[in-house]
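This briefing covers charged pairs, a sheet, a helix and nonpolar packing. Read the points alongside the sequence and the structure shown below.

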Amino acid sequence: MAETKKLFIKTYGCQMNVYDSERMSEALGASGYTETQTPDDADMILLNTCHIREKAAEKIYSELGRMKSLKTAKPDLKIGVAGCVAQAEGAEIMRRQPAVDLVVGPQSYHRLAEMEIKTRRGEKALDTDFPIEDKFEALKHRPKARRAPAAFLTVQEGCDKFCAFCVVPYTRGAETSRPVQRIVDEAKNLVERGVREITLLGQNVNAYHGTGPDGNEWGLAQLIWELDKVDGLARIRFTTSHPNDMQDDLIDAHAYCAKLMPYLHLPVQSGSDRILKRMNRSHTADSYLRLIERIRAARPDILMSGDFIVGFPEETEEDFQATLDLIKEVRYGYAYSFKYSTRPGTPAAERAQVEDAVAAERLQRLQALITQQQVEIQNSMVGRDVTILIEKQGRDPGQMVGKSEYLHAVHINDCDAIPGDLVQARITEAVRNSLAGTMI
């Protein structure tokens, strides 16, 4: 019987990294690894990193420093770094932290099993290439273990937009899209394993341009309609999108596809045209607002989510006020907001920076406005009937937790449903980060 080894994966950043971590676990599962929830008893530790946040690389080096003691106590322990910091830093990680045995970029994790063999021979393993083979196809033989009712499915990677603040084109590469049939096959596999809701992932997911069964290039709307045919799949979502790729047929899908949920994450970053131009966003505040109008005309109840960068180089108070004005007009149910932080090698890193204290104060004001809108929207849900996808047990006896169509977390007491069930509920209360409801 093959020796069972334990794998601990710590995932940073976006949903795509969550998906990638699952696939890395599967890749190493064939080599005898099973996942553990603690690094203390692991035979291999993988840090799946994100390069978006401030000082991302330094935080990973600090984490690696803390893990040196684990390797001292267990010399056979293998430590690996994956993801976007691995892609950006490459061999520098091994130079700065000799305890690291393996560095793998986000386009090469299908080679993990081969790399693991090298580490067992006492060799270092480094792969940050952009290989020509399809990493998803290399990992298509997924185990049949049951899954949670909601799952991520990567359909597109990379970005060609080159926003002035962003490292994604350098760490994930150019936009590439998976063929339609391979995505549909994976979706069917997930449904067979208990999944009812799938979120389609991409760095710029609505730029999807995969090859369809007819040999022609398909857009995201065509892919969604194909997935709509999958028996047992109840819900479809997608993230993250760029305003310039929100095509008419995708807006129409929100109007007519019952499985496509009324939730859309559509980052704008700033409400100032001057800053948007400096960001190389290739759209204006007005074009974004007119797009929101068209989307809401198609699906009036849609809940909007966005991204905002505060304190971008050269941002004035007037620029910031334009962002607040845009937020007030759109009314977001959710938003992710950050102080600008320099990413080495990006155009914005070379520009005059906004004082940190000024950026921090602006971020506080922006987040207060977003929180106010979020609370108002959650309060407006009280008394409404929604459909909940039950995901897990709650903290109280007889309580179950799930997500509404609008991605709100909902707690239901005296609920006899099980994970994977879709139940009708009436919202009775809005609390800080969730809603409470009763079954109808």
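Lysine 74 is partly exposed, with a relative accessible area of 28%. The model is predicted. In it, lysine 74 forms a salt bridge with aspartate 43, and the closest N and O atoms are 3.3 Å apart. Lysine 74 sits in the loop between α2 (56–73) and β4 (78–83), and aspartate 43 in the loop between β2 (33–35) and β3 (44–49), so the pair ties together parts that are 31 residues apart in sequence. Aspartate 43 has a relative accessibility of 19% and counts as buried, because the cut-off for buried is under 20%.

**Other salt bridges**

- A search of the whole structure finds 33 salt bridges.
- One of them joins the side chains of glutamate 26 and arginine 23, at 3.2 Å from N to O.
- Glutamate 26 and arginine 23 are 3 residues apart in helix α1 (residues 15–29), which means that about one helical turn separates them.
- Arginine 23 is buried, with a relative accessible area of 1%.
- Glutamate 116 forms a salt bridge with arginine 120, and the closest N and O atoms of this pair are 3.0 Å apart.
- Both residues belong to helix α5 (residues 112–120); because glutamate 116 and arginine 120 are 4 residues apart there, about one helical turn lies between them.
- Glutamate 116 counts as buried at 3% relative accessibility, whereas arginine 120 counts as partly exposed at 34%.
- A network of salt bridges links Glu315, Glu317, Glu361, Arg362 and Arg365.

**The six-stranded sheet**

- An open sheet of 6 strands runs in the order β2-β1-β3-β4-β5-β6, with parallel pairing.
- β2 and β6 (125–127) stand at the edges with a single partner strand each, so one side of each has no neighbour in the sheet.
- From one strand to the next, the twist averages 20°.
- Strand β1 (residues 5–11) runs parallel to β3 and is joined to β3 by 5 bridges.
- Lysine 10 stands opposite leucine 47 in β3.
- Helix α5, which holds the pair glutamate 116 and arginine 120, lies across β1, β2, β3, β4, β5 (102–104) and β6.
- The angle between α5 and β5 is about 165°.

**Helix α10 and its packing**

- Leu250, Ile251, Ala253 and His254 are buried in helix α10 (residues 248–256).
- Seen down the axis of α10, the buried residues fall within an arc of 150°, so they line one face of the helix.
- These buried residues of α10 pack against α9 (220–227), β13 (235–239), β14 (263–265) and α12 (285–298).

**The nonpolar core**

- In soluble globular proteins, nonpolar side chains tend to be buried together.
- The largest nonpolar core in this model has 66 residues.
- Leu200, Phe238 and Tyr332 are the residues with the most contacts inside this core.
- Which residues does phenylalanine 238 touch, not counting residues up to four places away in sequence?
- Phenylalanine 238 touches Thr199, Leu200, Val205, Leu220, Ile224, Met246, Leu250, His254, Leu260 and Leu264.
- Among these partners, Leu250 and His254 are buried residues of helix α10.

Notes: Residues are numbered from 1 along each chain as its sequence is written. This is a predicted model: local features need pLDDT of at least 70, side-chain atom pairs count only at pLDDT 80 or more; totals for chains, interfaces and linings use all residues. Side-chain values use heavy atoms; hydrogens and water are left out. A salt bridge is a side-chain nitrogen of Lys or Arg within 4 Å of a carboxyl oxygen of Asp or Glu. Helices (H or I, at least four residues) and strands (E, at least two) are DSSP runs, numbered from the N terminus. Buried means under 20% relative accessible area, exposed over 50%, partly exposed in between (1.4 Å probe, protein chains only). The arc is that of the directions from the helix axis to the C-beta atoms. Contact means heavy atoms within 4.5 Å. Two strands pair if DSSP finds at least two bridges between them. Axes are lines fitted to C-alpha atoms, for helices over the stretch in contact, and angles run from 0 to 180 degrees between N-to-C directions. A nonpolar core is a set of buried Ala, Val, Leu, Ile, Met, Phe, Trp, Tyr and Cys residues joined through side-chain atoms within 4.5 Å.
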